[in-house]
Structures are given as C-alpha cells and as structure tokens.
Amino acid sequence: MNDKNKTTKQRLKDIKTKQEFLNLLDEVMLTDEECLIAEMVFLKGQGYGFIADMLGYSERTVKAKMRKILNVLSK
C-alpha cells in the first residue's frame, strides 16, 4: 500500500459518525458494491476474508477493490 492510501485509510478511520462516512461516499464515484465494501471495512470492521465470502469473491479480489476505493477516496 502506498503512502497516499495509508493516509486516506487513516483519515477514514478517524471519521467519527456513520453519517459523515456515508456523506463522503456520496460525494465520490463508487459503485454500490464498492460503497458496500467500504462500509463493511470501515464501519463494521469486517476483514477481507469475511467480505470475500459474503460477496463470493476471492480475498485477493476484495483487496484489489479496496485499493481502488482508497485511490478514489484519496482524490
């Protein structure tokens, strides 16, 4: 993970309310599935393996999707 994504990930973890987080997601261009993954990671604290099982993907695919999400949110 690059420094920009690490900074973005920390900034997302520092968001205090669910509504503030959801407002941020509304402001960027993410698919419904990408929003769901972001919510599962940052609001519910679920791991990539669990998310992969729930969505029918490999853990590697979920990690790749998360990298894309972080890139979009870092802009």
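**Close-ups of a helical predicted model**

**View 1. Helix α5 and what it packs against.** The buried residues of α5 pack against α1 (3–13), α2 (18–26), α3 and α4; "pack" here is contact, meaning heavy atoms within 4.5 Å. This is a predicted model, so a local feature needs pLDDT of at least 70 and a side-chain atom pair counts only at pLDDT 80 or more, while totals for chains, interfaces and linings use all residues. Residues are numbered from 1 along each chain as its sequence is written, and side-chain values use heavy atoms, with hydrogens and water left out. Helices are DSSP runs (H or I, at least four residues), numbered from the N terminus. The buried set in α5 is V62, M66, I69, L70, V72 and L73, with buried meaning under 20% relative accessible area, exposed over 50%, and partly exposed in between (1.4 Å probe, protein chains only). Looking down the axis of α5, these buried residues fall within an arc of 160°, so they line one face of the helix. That arc is taken from the directions that run from the helix axis to the C-beta atoms.

View 2. N5, T8, K9 and L12 are the buried residues of α1. They cover an arc of only 100° around the axis, which puts them on the same side of α1. As a reminder, an α-helix has 3.6 residues a turn, so residues three or four places apart point the same way.

**View 3. The buried face of α2.** F21, L24 and L25 are buried in α2. Down the axis of α2, its buried residues sit within an arc of 100°, so they line one face of the helix. Their packing partners are α1, α3 and α5.

**View 4. Where α3 meets α4.** Helix α3 (residues 32–42) and helix α4 (residues 48–55) pack at about 145°, with axes 10 Å apart. Axes are lines fitted to C-alpha atoms, for helices over the stretch in contact, and angles run from 0 to 180 degrees between N-to-C directions. On the α3 side the contact uses L36, I37, M40 and V41, and on the α4 side Y48, F50, I51, M54 and L55. By class that is nine nonpolar, no polar and no charged residues.

**View 5. K65 and its neighbours.** K65 lies in helix α5 and, at 23% relative accessibility, counts as partly exposed. Leaving out residues up to four places away in sequence, K65 touches E33, I37 and Y57. K65 and N2 are 63 residues apart in sequence and 15 Å apart in space, C-alpha to C-alpha.

**View 6. D14 in its loop.** D14 lies in the loop between α1 and α2. With 43% relative accessibility, D14 counts as partly exposed. D14 and F42 are 28 residues apart in sequence, and 9.8 Å apart in space, C-alpha to C-alpha.

Notes. Helices (H or I, at least four residues) and strands (E, at least two) are DSSP runs, numbered from the N terminus. Ala, Val, Leu, Ile, Met, Phe, Trp, Tyr, Cys and Pro count as nonpolar, Asp, Glu, Lys and Arg as charged, and the others, Gly among them, as polar.
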